[in-house]
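Here are my notes on the side-chain contacts. Please read them with the structure open.

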Amino acid sequence: MEAMDHFDPYQKREAVAGCYQTVVSNPNAIWQSESVLTYYLPAFATQVAFMLISTRCIYFILRPLHQPRIVIEILMGFMISPEVLGSTPLFEVLVPLKSVISTETISYMGLIYYVFLAGLDMNLDTILRARKKATTIAIAGIVIPMVMGAGIYALLQSMYEAPSEYLSHHSRAKAYLFWALVFSVTGFPVVTQILADLKLLYTGLGKVALTAAMITDFYNWVIFALLIPYALNEGSPMFSVLSTIAFVLFCFIVVRPYLVQLIVRKTNQNEWDNYQMFCVMMGAFACSTVTDLLGTHPVVGALMYGIMIPRGKFTEMLKDKTEDFGVVFLGTLFFGNCGIRLRIISVIQTQGFLLVLAIMLLTCIPKILSIVIATQFFGMPARDSVAIGLLMNTKGVLPFIVLNIAWDKQVISVESYSILTTSVLVMTIMVPLIINAIYKPRKLYKQNKLRTIQNLKAEADLRVLACVHNPRQATGMISILQACNAVKLSPLRVFALQLIELTGNNTSLLAAHLDQPNQQQNGEQVLTQTQHDMEIITNTFESLCAADNQNTRVETLAAASTYSTIHEDIYTLAQEKQATLILLPFHKQSSIEGILEITNSAFKHINQNVMKDAPCSVAIFVDRGLGSLFKVNLRVIMVFIGGPDDREALAVAWRMSKHQGIQLSVVRILLLGEAAEADTTPQLESRGLLSAVVDYERQKELDDEYLSLFRLHAVNKEDSITYSEKEVNSRDDIAEVLNQIDQIGCDLYILGQGTGRHSLVLSELMKWTDCPELGVIGDMMASNNFGSSSSILVVQQYGFGGMVFETTTRNPSEVPANNDGSDAHFVEIE
C-alpha cells in the first residue's frame, strides 16, 4: 500500500508505508478482520456519500459547459487527492488508510460492471457492416496515434529531469506499449454523450463520428485484450493470449446460443424476476474471474459477456434496473481513485510548467492529424475533419484502466501517470467547448432567406420534417403528406422523425441501435417498445413511396433526448435537411367517442418550444381520424382572417387543392366594426425578420394581394375550389361564424396560428386559450365543446419571430442577430 503523505516525486513506489490497529471480530480460520458493520460499512458509506454530493455539485457548476460524467468524477477524485485536501483532517476521514484496500476492491467491482454495460452498448452488426468511410477513419485513428504516442513518450523521457536510477526503475519497453494504447483510445459512450448534449447526435457529422467512435472503441478493447498479458505476465504471455482467445470462442460458439435462447424465451413470456436477472448479471463477474485466471485483465471477460447478451427488450430492462447502482455508485469510486492518484502540481514543480504544457499539447495532435488525413480521401471539409478528430480525442474508461495497471505494476513513473491522466482529462474537457464554438448549434438555423411554402419555387422540393411520438400519430399524418404530394414538378421529401424520451443513461444504447431499427442480432431478440414503434413508423411512412415512388422520397430518423431539450434536436435536423415545414402532432388524440384526450402533456410543451424559434414554417396536426386519400375524397376548409400565418396556411391549402381527390373551400372572415380595432399593445418589435418593418396596413395589403392571386389562378380555373366571405363585427360573432362554417361539413380545417394579425379582439381572446400554440381559432375548433369531428392543421409561417407564450420571458437583447453570417453544416453520408 502506498503512503498518502510525505510524497517524494523521485521515490520508488515499492514499500508499504503506514500502520494501523485493528480489532479482529469473532476470529476463526477464515475471518481475520474487523467487523464490517462497525467500521468498514460506515467508512464506505461516508466515502460514497461525499463522492455523490461532490459530483452533483460539480455537475451543476459545469452543466453549461456540456461536460461528460467521466470528467466530473475525475475532478471529484482530484479534489480529495493529497495535493488538494491531503493536508486537511477531512482527507483522513474520507480516505482512511485502513479502508483503502476494501474501497479499491469494491471500486473494481463497479469497474467490472461498468465495462459490462459498455459491452451492452456495442453493436457488432454496426461494426461489421460499417461503410468504408467510418472504418477508414477508425483504423487511421488507431494506427497513427499509436505510433506517434510511442514517439511522444520517448521525447518525454529525454526531457525528464530526474536521477538516472529513478528512470531505470520503470520498464521503458512496457511503457511504450501503455502510452501507445492510451493515445489510440476513443470513448464511444463519452462521444455519444457529448454529441447528444450539443444536439449534434443525429446530424451528418454526428453519425460519422458516432460510427467511427464505436468501431474505434471496439478495436481498442480487442487490442487491450491481446496486449495487456504482455504487461501483466513476466513468464508466458502468449499462453494467456491464446487461452483468452479460446475462451472467447467457446463462449460465443457454445454458450451464447443457449444464453440467447434462454433470454428470448423468458423475455417473450415476461418471466423475469429480480433473482433471475441477478443470475444473469453474475455472468459478468464469472467471465471476469475466468479471464483474470487466464492472465488477462478481468474487464475483458466483462466486456465479452456484455457483447454476448442479445440486444432488445431484456437489455433495456437490465440497464434500467441496474445502471444507476453499478455506474453512479460503484463506478464513481473507481474514477475517484484515479483522481486521488494525480500528482500534477508536484510534477509541474519538479519538471516545469512549460514541459507539462508541451506534452499535453502534443497528446492532442495524433488523433486530429490522423482523422484529417483519413477524411481527405473522402472530400470532407477541413472544419468537419477537425471536429471529428476532436471528438475522437475524447477518452472513456479504457485509458484509465490502462494507466491504473501501469501505476500498480510501476511500469510508468508518477510524472508519466500524472501528465497523461491530466492530458486525457483536459482533452475531454475541451472537446465539447471547441465543438460548440465551431458549430454554434443555437444560431445555425437563423437564416436570411425565408423558408416557407408560400415562397417555395414551383419546381423546388417540398421537404417536410414529420415528427411523431408513436405509430398512431404516424398513421394520421400520412393523409396530410399524401395531400401535399399533389404537384408533379415539386417532389415531396419526407423526413419521418420519431421523438424518443431519453430517461437515464441509455444514450449510447439508443445511439448504437437507432440507425438499424429493423435489425437484431441473429433475428432472435424481442424488440423493445421503442424498436417496435420504430418498425411500425418506418413501414407506415414507407407506404408513401409505395403509392408514388417517382415523386416521393422518405427517410426515417430518430431523435433521443430529454423532452425539455428535444426541440433543439428538431431545429438541428430541420436545418440540416433544409426542411420547409415541420409537422408536429397535437398533444391530444381522439377517443372512440370522438373526444380529444390528453396523450402526454409534455408533447404540448415540445410543440410550444419548437414554435418559438423554428428554422422554417411549423404545422400542428390535430387528428380526429383523417382518412386515407386512396379511400376517401377529402373536403378541406381553409379559414382566412389575415396575417403571415394565414397566408402560409392558404399556401398549404392551395398546394393540396391540386390533388385530384380534394375539394377546397376558402372562407375569409372580414373583421369589421369593433372586431377591426387594431391592437396597439407594445410588442417585441425586434423579434423575427420582418415584424419591425411590416405594420398593420401593410399586412392587409399583403393579404389582399395574395388572396387576389389565389382567386385568379385557382378559384377561377378549378371547379373543386370555392371562395366565400363572412363578416364579424364583435367578439361574439366569431363563435357564431365558426359554427356556421362547421355546418358546411369537412374532413380537414387548415388555419393560420395567428401571429401578425394585430387584432385587439383576437389578442384578448388569446389570453383565455387552453392551447395557445393553436391560436384563437384553432383552440376554439379543437375544443371538445365546439363539437366538431373534423381534423385541424394549424400553420405558423417562418420569418416573423415565432410564437411567444405567456409563460415564457425573454429579453429582446438575447435574440441573436439575423445577419449572423452562419452557415449550416452538411456532411454527406455515403
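1. Start with W179. Its relative accessibility is 0%, so W179 counts as buried. F183 counts as buried too, at 4%. Both residues sit in helix α8 (residues 172–184), four residues apart, about one turn of the helix. This is a predicted model.

2. W272 and F314 form a tilted aromatic pair, with 4.7 Å centre to centre and 40° between the planes. W272 lies in the loop between α11 (237–268) and α12 (274–293), while F314 belongs to helix α14 (residues 313–340), so the pair ties together parts 42 residues apart in sequence. Both W272 and F314 are buried.

3. The aromatic pairs number 12. W179 and F183 make a stacked one: 5.8 Å centre to centre, 25° between the planes. Y113, F116 and Y305 form one aromatic cluster.

4. Now the charged side chains. There are seven salt bridges. One of them joins R463 and D461 at 4.0 Å, N to O. R463 is buried, at 17% relative accessibility. D461 is partly exposed, at 29%.

5. E555 and K577 meet in a salt bridge at 3.3 Å, N to O. E555 is in strand β3 (residues 552–561) and K577 in the loop between α23 (566–576) and β4 (581–585), so this pair ties together parts 22 residues apart in sequence. E555 is partly exposed, at 26%. K577 is buried, at 14%.

6. R731 and E764 form a salt bridge at 2.4 Å, N to O. R731 lies in helix α27 (residues 731–744) and E764 in helix α28 (residues 760–766), so parts 33 residues apart in sequence are tied together. R731 is partly exposed, at 37%. E764 is also partly exposed, at 29%.

Note on methods
Residues are numbered from 1 along each chain as its sequence is written. This is a predicted model: local features need pLDDT of at least 70, side-chain atom pairs count only at pLDDT 80 or more; totals for chains, interfaces and linings use all residues. Side-chain values use heavy atoms; hydrogens and water are left out. Rings of Phe, Tyr and Trp (its six-membered ring) pair if their centres lie within 6.5 Å; planes under 30 degrees apart count as stacked, over 60 as edge-to-face and the rest as tilted. Helices (H or I, at least four residues) and strands (E, at least two) are DSSP runs, numbered from the N terminus. Buried means under 20% relative accessible area, exposed over 50%, partly exposed in between (1.4 Å probe, protein chains only).
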